[in-house]
Amino acid sequence: MEDQLAFVKSLLRKLQGTLDKAILQKYNLNKCERVAEKLNNFSPNCMECQQQLSELKDHLIQLESKKDRLEYTDYNHHNQLIKGITSHLHKKHKLLPEGYYLSIYMSFGISIGCALGLTIFNNIALGIPIGMGIGIAIGAGLDADAKKKGKTI
Ligand SMILES: [Zn+2]
């Protein structure tokens, strides 16, 4: 298992060394590396993680072999693969996507702010930013905590 991860990482290094910046940003290889590490951690006890890690490896081999003529379909495939992995890690292993709490608490804060704005402040435009600010503070705090505990993808 360790070897598979090392191989994936070496492919990522190669891609990082050759692809141009705009493409690298689009493909988000740092995230790719993080999900590979998580898959590797769960692999001994999870068939699906094993399978997804090997799929990711095959996909990166593909990318590496055609790195100077990547097409939209390659990006699409890449995106789908990462999404599938993220969703498995979230559902099965309770890992959280980056900014998970932030997005939840921000929208929660906005609705609370809206309600407060309408009732207490009698000014909806005042309530929304207050609610949003509180939501962001709570969400960011929970995200930072999850990250510290290694629960973030
Ligand atoms: Zn798994």
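With which side chain does the side chain of Asp74 make a polar contact? In this predicted model, the partner is the side chain of Lys66, at 3.0 Å. Asp74 lies in helix 5, and the side chain of Asp74 also reaches the backbone nitrogen of Glu71, at 2.7 Å. With a relative accessibility of 11%, Asp74 counts as buried, because the cut-off for that class is under 20%. When neighbours within four places in sequence are set aside, the residues in contact with Asp74 are Tyr27, His59, Leu63, Lys66 and Arg69.

The overall architecture of the protein chain was examined next. The secondary structure consists of seven helices and zero strands, and the order of elements from the N terminus is α-α-α-α-α-α-α. The radius of gyration is 20 Å, whereas the globule rule gives 15 Å for 153 residues; the protein chain is therefore more spread out than a compact globule. Along the principal axes, the C-alpha trace extends over about 60 × 35 × 20 Å. Of the 153 residues in the protein chain, 34% are buried. Among contacts between residues at least 6 apart in sequence, 68% join residues at least 24 apart.

The coordinating atoms are SG of Cys46, SG of Cys49, NE2 of His88 and NE2 of His93, at 2.0 to 2.2 Å. The angles among the four donor atoms run from 99 to 117°, and the site is tetrahedral. For comparison, the ideal angle for four tetrahedral donors is 109.5 degrees. Along the chain, the donors of the zinc ion follow the spacing C-x2-C-x38-H-x4-H.

Apart from neighbours within four places in sequence, His90 is in contact with Leu95, Leu96, Pro97, Tyr100 and Ile153. The C-alpha atom of His90 is separated by 11 Å from that of Val35, a residue 55 places away along the chain.

Helix 7 was considered last. Spanning residues 124-148, helix 7 has 25 residues and reaches 36 Å from the first C-alpha to the last, close to the 36 Å expected at 1.5 Å a residue. At the start of helix 7, a side-chain oxygen of Asn123 comes to within 3.1 Å of the backbone nitrogen of Ala125. The buried residues of helix 7 are Gly127, Gly131, Gly135, Gly139, Asp143 and Ala146, and these buried residues pack against helix 6 (100-119). Helix 7 is followed by Gly150, which has a positive phi, near 70°.

Notes: Residues numbered from 1 in each chain as written. Predicted model: local features only at pLDDT ≥ 70, side-chain atom pairs only at ≥ 80, totals over all residues. Heavy atoms only, no water. Helix = DSSP H or I, 4+ residues; strand = E, 2+ residues; numbered from the N terminus. Expected span 1.5 Å × (residues − 1). Buried < 20%, exposed > 50% of the residue type's maximum accessible area, 1.4 Å probe, protein only. Contact = heavy atoms within 4.5 Å. Polar contact = N/O pair within 3.5 Å; in protein donor to acceptor, adjacent residues only side chain to side chain. Donors = N, O, S within 2.8 Å, 3.2 Å for Na, K, Ca; no water. Tetrahedral: all angles 85-135°; square planar, octahedral: opposite > 155°, others 65-115°. Rg over C-alpha atoms; globule rule 2.2 N^0.38 Å.
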